[in-house]
Number of protein chains: 2
Amino acid sequence: MKRRNTQAQAAVLQVLKSSDRALSHEQLQAELGTKVDRATIYRVLNRFCEDGLVHKAMDDDGKQYFAYCAGCDKPNNKHSHNHFHFKCRQCGKVECLQHKMHIPLPAGYVVTDFNGMISGYCNRCAPGEA
Amino acid sequence: MKRRNTQAQAAVLQVLKSSDRALSHEQLQAELGTKVDRATIYRVLNRFCEDGLVHKAMDDDGKQYFAYCAGCDKPNNKHSHNHFHFKCRQCGKVECLQHKMHIPLPAGYVVTDFNGMISGYCNRCAPGEA
DNA sequence: TTTATTATTGCGACTTAATCGCAATAATAA
DNA sequence: TTATTATTGCGATTAAGTCGCAATAATAAA
């Protein structure tokens, strides 16, 4: 199934690219307004993930967040999003942390996906020293 | 609000304790049958989490998994579930990985929660060498 | 032991994230 | 310019999890 260059995709990608954070569907929809349909946004995002253009992170609030792949490792042409995301409980921003992980697995185990999310307060929202 | 010792709680805890994996609501319900109500299971699990008896892990399938806290670090009486979970795409089991994480954060950032999930294939389900 | 208090349960309704079917639309190829 | 079919939009649907509220049952008090 060959991909086509559509307006919806371009619009979604543009929003993702011009954001320094990972965005939820809700946030993307807010940016895009009525220009792109809800279901379409989801479909576009999933397609981007399949193509390794974007990576997804799950928060324990049960929402998916998507970020354009900028500094992701791509060893042997395979995508591995081996970094954490940080979500601020106060301002809600979800950012990619630079630190790359390597987790030792039991023998014979094979990794296909990685999802790491740390929640807390960013430097702007952190309460003063206790 | 003081806690009470109820049958529902005991039943849920017993299932969690006698499992070597993290369980979803669905799996717990299957074990418990009609003995405990759906909403009650969720409420019990959330209470356990609050009390640090159990920890929760989110998979990118959008489901929560719960595991009895056995080897969790508890520095300064605060619970920190700084380990990963591994979910097998084939057999579905979710297990706690022993490796403890320490992720360097930007200055001023404060951590409250940690959620790490790796998906792939366990040693029993991994396909033979490519 | 009996009664009072209130945390917890069970049930059904509800919320929210995300997906799906299908006809209409619009990229791309011919 | 026409044909092909990936993609979109819309509404309906699924599924995880929560909520309100009356009933139940732990615990405390008498």
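Three exposed residues, A:Gln7, A:Ala10 and A:Lys17, sit on the face of helix 1 of chain A that is turned away from its buried side. Helices (H or I, at least four residues) and strands (E, at least two) are DSSP runs numbered from the N terminus. The model is predicted, so local features need pLDDT of at least 70 and side-chain atom pairs count only at pLDDT 80 or more, while totals for chains, interfaces and linings use all residues. Residues are numbered from 1 along each chain as its sequence is written, and chains are lettered from A and ligands numbered from 1 in the order in which they are written.

The buried residues of helix 1 of chain A are A:Val12, A:Val15 and A:Leu16. Seen down the helix axis, they fall within an arc of 100 degrees (taken from the directions from the axis to the C-beta atoms), so they line one face of the helix. Their packing partners in chain A are strand 1 (23–24), helix 2 (25–32), helix 3, strand 2 and strand 3 (64–68).

Turning to the pair of protein chains, 30 residues of chain A are in contact with 31 residues of chain B, contact being C-beta atoms, placed from the backbone, within 7 Å. On the chain A side, two or more residues each come from strand 2 (54–58), strand 4 (83–88), strand 5 (94–100) and strand 6 (110–121). Strand 6 of chain A gives the largest share, 12 residues. Strand 6 of chain A runs antiparallel to strand 6 of chain B, and 11 bridges join them; strands pair if DSSP finds at least two bridges between them. Within this pairing, A:Asn115 has B:Met117 as its bridge partner.

Chain A superposes on chain B by a rotation of 180 degrees with 0.0 Å of shift along the axis (RMSD 0.1 Å), using least squares on C-alpha atoms of residues with pLDDT of at least 70 in both copies. This is the relation of a two-fold axis. In chain A, the C-alpha of A:Gly116 is nearest the axis, at 2.1 Å.

Finally, 26 residues surround DNA strand D, the closest being A:Ala8, A:Asp37, B:Asn5, B:Ala39 and B:Gln64. A residue is near the strand if its C-beta atom, placed from the backbone, lies within 6 Å of it. Helix 3 of chain A gives the most to this surface, with 4 residues.

Terms used. Contact = placed C-beta atoms within 7 Å. Buried ≥ 20, exposed ≤ 12 C-beta atoms within 10 Å, placed from the backbone.
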